[in-house]
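Here is my note for your first read-through. Keep the sequence and the 3D view open as you go.

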Amino acid sequence: MCLVVIRNASPNYLQDMGIKAKLVYLLLELLDDPGQVGDEASFVFSSLVAGKKDLQQLAFENNAINKFCNQLQKSQLHPKRLQGVLLALADLCSKLESCRLTFLSLKVLNQVIDALTHDCADVRTSACICLRSITRSIKNLCAGYFMDEMLVIPLIRLLDDPSVSVQVAALGVISNIVVDFTTRKSTFIQCGGVKQLVQLTKSMHSTVRFNALWALKNMMFLADDRCKEGIFLELTGSLLASLISDPEPCVQEQALALVRNLVDGCIKSIEYVFAEDGTLLDAVGRQLHNVSDEVGIQGMYLLGNVASGDELHKEAVLQHLLAQADNGAQSFVIKFLQSSDSRLRTAAVWVIVNLTFPSCPGAFGRLVQLKNAGIISQIRNMVNDSCLDVKLRVRTVITQSMTFGDGLT
């Protein structure tokens, strides 16, 4: 434990590959100790390999996955030892697909699923953390491997767990499995998962609200019309509007990202932000006057998706871009175009690209209004932007404006 702390605290010590290999070997040997030493070994091992791909690879080559899986297959493990083994597997499988595939091949997934119902909250949390690492496997997500009732049902039940830590850990797994690139998202919906997630967006704990929205955002990713409609009916525009205005910026960001995915796609999808008299779109417009860059990025991509719709959609976005803050400050879009964050500048220019596409009937009128608001002149100043993406989008706006004989060069 002392050696691992020294190694983690000071990059100048214990970096020799031979020493690393020795530490891994010794900790794997100590796993077999039947007492306290064996109980602690997994935790020390986790602290050694956590976030370190080279050490995870080294441990993998020393059959660490097999060693920990053998531990899982033993009956009546002490809760602390079980917790440590699950956390060690979580760290081992956090980055390397080879580790995940080996874990799945050893047929111990059921033991981890069983741990979701363990009496000890720490074990339930660790089981979720382990599953979160395992469910990062894109190959198995694409195959719908994890969207099975045997896994989904106990995870949904954990959303009602009295421990907030367990709830948050369960949401982490759910955020992964609902990305599911197949049509099997319906399994999660049919098991009552969406209703539970929506309830958790109202939690008094911001971490729970954040993770519940993250899961719903992932569920909305590439969802079909029926899935989107089902989720939106549960969420409602008014609840989403309140989450966009949440006091916590991280919650605002996830709420905007969710709506961004909601309106991505066909014209019918864009109509959701106009439901309930446009409550949702108005909330987006108001919030963008005073937000962090991260929140602004999601908000501008959301508006960019809406601006890709029909004339009614484009005009609604334009009015929000031209609106000033209550204190009379400049339009938020100019502030975003001047941001030091290239991602925010890119998102902001994309909105203008979608508003001024020459084949759209109202493009010229919108271009004139954008010029009068000083937005086009700000874009002209960005023609030599340091970011290639921004530069390309800026030149697209200038090219589109020249279609109308605007004279920008």
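1. Which residues are linked with E294 in a network of salt bridges? D341 and R343 are the partners in that network. Bear in mind that this is a predicted model.

2. Look at one pair from the network. E294 forms a salt bridge with R343, and their closest N and O atoms are 2.6 Å apart. E294 lies in helix α21 (residues 293-307) and R343 in helix α24 (residues 342-355), so the bridge ties together parts that are 49 residues apart in sequence. E294 is partly exposed, at 34% relative accessible area. R343 is partly exposed too, at 42%.

3. Stay with helix α24. R345 lies there, while D385 sits in the loop between α26 (375-380) and α27 (388-402). The two form a salt bridge, with closest N and O atoms 2.9 Å apart. R345 counts as buried because its relative accessibility is 7%, under the 20% cut-off. D385 is buried as well, at 11%.

4. Now find D54 and K20. They form a salt bridge, with 3.1 Å between the closest N and O atoms. D54 is in helix α4 (residues 53-61) and K20 in helix α2 (residues 17-30), 34 residues apart. D54 is partly exposed, at 37%, whereas K20 is buried, at 8%. The structure holds 13 salt bridges.

5. Turn to the nonpolar side. The largest nonpolar core has 136 residues. Those touching the most other members include F45, F103 and L321. Beyond its neighbours within four places in sequence, F103 contacts I65, C69, L89, C93, V108, L109, V112 and I134. In soluble globular proteins, nonpolar side chains tend to be buried together.

Terms used. Residues numbered from 1 in each chain as written. Predicted model: local features only at pLDDT ≥ 70, side-chain atom pairs only at ≥ 80, totals over all residues. Heavy atoms only, no water. Core = buried A, V, L, I, M, F, W, Y, C linked by side-chain atoms within 4.5 Å. Buried < 20%, exposed > 50% of the residue type's maximum accessible area, 1.4 Å probe, protein only. Contact = heavy atoms within 4.5 Å. Salt bridge = Lys/Arg side-chain N within 4 Å of Asp/Glu carboxyl O. Helix = DSSP H or I, 4+ residues; strand = E, 2+ residues; numbered from the N terminus.
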